[in-house]
Amino acid sequence: MRNLKKIGTILLSIVLLFSMTVQETAQVHGAVKYRLGKKITVDSGVSHVFGIKGSAKVKSLDKKVVSVKKIKGKKTKDTVIRVTGKKTGKTKLIVTVNGKKKKVCVTVAPKKVEAVKAALQGTKTVELQWRKAKGAVKYEIWRSTDKKSGYQKLGTVKKNSYTDEKTKGKYYYYKVRALGNKKTKGKYSSAVGIKTYQLTWSDEFNGNSLDRTKWTDKTLAYSSVSENQGTYEVKDGNLVITPSFKRNAASGAVIADSLADVNLSTNGLKTFTYGRFEIVAKLPKGDGLVSAGWLLNERLIWPKGGEIDLFENKSGTNGIINQLLLNGKFNSFSGKRNTKHCETQVKNACDEFHTYAIEWNENSITYWIDGKQTYSYNLADFGKVSELKYNEDYWPFNKPFIVCLSSQFVQGISIKPDNWTKVATEGDVETYEDSMIIDAVRVYQ
């Protein structure tokens with residue numbers, strides 16, 4: 001019985017020693033560790049507390065790397081010390097107990113890298129940034145397509161940012177590790193993931209005529225009040241879409257049956273579901289035109305089937321670009337403006353090329369102009385994504401869509417000769433034209 005009591009007393013003392021913590025201004029990691037061991041690792045700027053059986057003296061051979069301070073324990077005769085990493089490197093502690101000396105190798109490692117952020121620039125360039133880690137002199141960047149394994153080192157940098165331009169349209173995960181003096185290494189950061197894109201379909205309009213394997217001028221029976229086909233041609237590396245109308249100069253009236261506009265699409269040729277879409281365009285100036293680069297559901301059900309406008313412009317000279325989407329919930333048939341959209345003033349929209357883009361995934365559609373985000377439609381803003389993604393009123397955007405390019409006359413918008421180019425006069429009849437110029441259409445997935 002006496003031996004059992006003795007064993008119980010020893011166990012209790014060890015438990016007390018293990019449970020001791022220290023309230024210090026420096027960051028302290030965990031409870032007291034009973035044994036130092038032959039090797040220990042501490043983080044730069046962080047204090048760790050260790051317990052040594054019996055009365056001991058501890059000395060650091062390099063106080064610039066690691067400092068040691070004895071802490072008085074209240075309920076034990078053992079020695080408790082606080083070891084603090086000063087700067088990254090390696091040194092030794094000399095521990096003396098009962099006249100016997102023991103060497104403990106200490107590595108002071110950089111702190112773990114925190115707050116890693118990944119952002120996509122364009123379609124395939126990933127910009128990484130993170131908070132500077134204490135004790136770091138360099139950083140290693142690692143990448144994988146599997147969050148848990150398979151990481152490969154991309155490179156080593158001195159600053160707290162990195163640019164990855166060697167992506168291949170996959171979902172990538174990144175980790176960052178800090179490196180210190182004397183080959184010391186910190187812990188890997190938490191993984192951060194991001195989707196990159198790869199060009200899967202495009203038309204740069206470099207030929208001499210419209211590529212009929214990509215585009216059709218088949219009428220979609222959609223919004224235009226014109227029954228005549230305007231002209232379009234591929235010229236100087238661009239697609240030139242030219243609507244026109246005629247006017248009686250004497251009366252000033254537009255000749256209704258002279259309206260000719262253009263609506264090209266990939267209908268019957270190519271459909272798309274999800275990805276990044278870019279249209280590089282220079283818009284017309286003519287009053288009375290509605291020019292747009294947009295996506296329409298393959299079923300041609302409107303508006304419930306869904307529409308996504310990369311750009312829409314109702315009057316070229318004002319430079320107001322409307323980017324919007326339509327579905328069963330949000331459309332223009334409720335008697336008031338009930339679309340999800342944004343309007344952006346774009347300078348020189350009619351004189352210079354600008355890039356209009358969307359990024360469309362399983363839960364959201366994000367809009368861009370010249371690389372700047374302008375608007376985002378997120379299912380999470382309206383309720384539970386798990387439910388709404390199957391609700392066609394909110395999300396018909398999980399089905400195939402076609403790409404459309406149009407410059408057309410629509411009901412309710414008056415036509416004026418202002419800002420049009422007069423190209424012919426026959427008696428009292430004047431002919432006017434204007435053009436929308438498309439430099440490229442690109443789809444990344």
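## Asn 348

At 40% relative accessibility, Asn 348 counts as partly exposed, because that class runs between the 20% limit for buried and the 50% limit for exposed. This comes from a predicted model. Asn 348 sits in the loop between strand 26 (340–345) and strand 27 (354–360). Its phi is near 60°, a positive value in a residue other than glycine.

## Phe 205

Phe 205 is another non-glycine residue with a positive phi, here near 55°. The residue lies in a loop too, between strand 16 (199–203) and strand 17 (228–229). Is Phe 205 buried or exposed? Phe 205 counts as buried, because its relative accessibility is 2%, and buried means under 20%.

## A cis peptide bond

Most residues other than glycine have a negative phi, and most peptide bonds are trans. Trp 302 and Pro 303 are joined by a cis peptide bond, with omega about 0°. Pro 303 belongs to the loop between strand 23 (289–297) and strand 24 (307–313).

## Ser 144

Ser 144 is part of strand 11, which covers residues 138–144. With 5% relative accessibility, Ser 144 counts as buried.

Which residues does Ser 144 contact, leaving aside neighbours within four places in sequence? They are Ser 149, Gly 150, Tyr 151, Tyr 171, Tyr 172 and Tyr 173. For Gly 150 there is a specific atom pair. A polar atom of the Ser 144 side chain lies 3.4 Å from the backbone oxygen of Gly 150.

Definitions and conventions. Residues are numbered from 1 along each chain as its sequence is written. This is a predicted model: local features need pLDDT of at least 70, side-chain atom pairs count only at pLDDT 80 or more; totals for chains, interfaces and linings use all residues. Side-chain values use heavy atoms; hydrogens and water are left out. Helices (H or I, at least four residues) and strands (E, at least two) are DSSP runs, numbered from the N terminus. Buried means under 20% relative accessible area, exposed over 50%, partly exposed in between (1.4 Å probe, protein chains only). A polar contact is a pair of N or O atoms within 3.5 Å; within protein, one must be able to donate a hydrogen and the other to accept it, and residues adjacent in sequence count only if both atoms are side-chain atoms. Contact means heavy atoms within 4.5 Å.
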